[in-house]
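This report examines the arrangement of helices and strands in the chain shown below, and then turns to a single residue.

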Amino acid sequence: MKHDFRACIGDICLEPMTLELSQQYRVIRNEDENRKWFITTDIVTWDMQNAWFDKYMKNEADYMFAIKYKDIFSGGLAIYNVDKEKQKAEFGRLLIKQGNLRRNGIATAAIKMACNIAKEKMELKCLYLFVKDDNLVALKCYESTDFRKVGIVNGMIHMDRVL
Ligand SMILES: CC(C)(COP(=O)(O)OP(=O)(O)OC[C@H]1O[C@@H](n2cnc3c(N)ncnc32)[C@H](O)[C@@H]1OP(=O)(O)O)[C@@H](O)C(=O)NCCC(=O)NCCS
């Protein structure tokens, strides 16, 4: 949905996702090494992304963010399936561009900011996520940001974090 949640930790910032940035997100998500970690591993075309963005803007339960490092687009993440009544939402679509940007703590800082926005601005009490059990790097990120394993669903590790 259209939102205005923003945060920065040093040079690492979360900003609302725009159509233009979501096309950049699509390009990195389509890379074989990246899309293999998502539930849907299909290649996404320019047209598909435009259609997705249109739908996304109308979806009040979906908040997508661009991640920037020193003002350069570096990836994205989302807080979605927001259930205001139960005060919980799903965390996901986490992706950092391959190359020099990786292993600099960008994902870790971005997760921390997302958790803070979920708690302070969205007034949620819990975030949950699903991660493939062999995605050891992502698992490390989630464990170091206080997500805990709560079970296995269809071969995916289910984790949650109380906010
Ligand atoms: C998972 C991902 C977002 C991590 O991004 P990142 O910015 O490189 O992560 P960070 O720099 O914050 O590192 C987090 C932890 O993982 C470790 N790590 C990062 N890359 C690693 C690697 N290739 N091998 C081993 N450990 C690694 C870091 O050392 C750090 O651990 P620490 O806190 O103990 O030092 C990134 O690798 C990515 O986009 N992967 C593809 C998409 C994906 O898997 N998304 C998650 C789907 S659930």
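## Helices across the sheet

In this predicted model, helix H5 (residues 136-144) lies across E5, strand E6 (126-132) and strand E8 (156-162). The angle between H5 and E6 is about 160 degrees. Helix H1 (residues 19-29) lies across E3, strand E4 (72-83) and strand E5 (88-96), and runs at about 95 degrees to E4.

## The sheet

The open sheet is formed by eight strands, ordered E1-E2-E3-E4-E5-E6-E8-E7, with mixed pairing. Strand E1 (7-9) and E7 are the edge strands, each of which pairs on one side only. On average, neighbouring strands of this sheet are turned by 25 degrees against each other, direction ignored.

Five bridges connect strand E2 (residues 12-16) with strand E3 (residues 63-69), and the pairing is antiparallel. Within E3, Ala66 is the bridge partner of Glu15.

## Helix H4

Helix H4 (residues 106-120) comprises 15 residues. From its first C-alpha to its last, H4 reaches 21 Å, close to the 21 Å expected at 1.5 Å a residue. The buried residues in H4 include Ile106, Ala107, Ala109, Ala110, Ile111, Met113, Ala114 and Ala118.

## Val150 in strand E7

Val150 belongs to strand E7 (residues 148-153). Val150 is exposed because 11 other C-beta atoms lie within 10 Å, and a residue counts as exposed at 12 or fewer.

Apart from its neighbours within four places in sequence, Val150 is in contact with His158, Met159 and Asp160. Arg93 is 57 residues from Val150 along the chain, and their C-alpha atoms are separated by 20 Å.

Key
Residues are numbered from 1 along each chain as its sequence is written. This is a predicted model: local features need pLDDT of at least 70, side-chain atom pairs count only at pLDDT 80 or more; totals for chains, interfaces and linings use all residues. Helices (H or I, at least four residues) and strands (E, at least two) are DSSP runs, numbered from the N terminus. A residue is buried if 20 or more other C-beta atoms lie within 10 Å of its own, exposed if 12 or fewer, and partly exposed in between; C-beta atoms are placed from the backbone. Two residues are in contact if their C-beta atoms, placed from the backbone, lie within 7 Å. The expected span of a helix is 1.5 Å times one less than its number of residues. Two strands pair if DSSP finds at least two bridges between them. Axes are lines fitted to C-alpha atoms, for helices over the stretch in contact, and angles run from 0 to 180 degrees between N-to-C directions.
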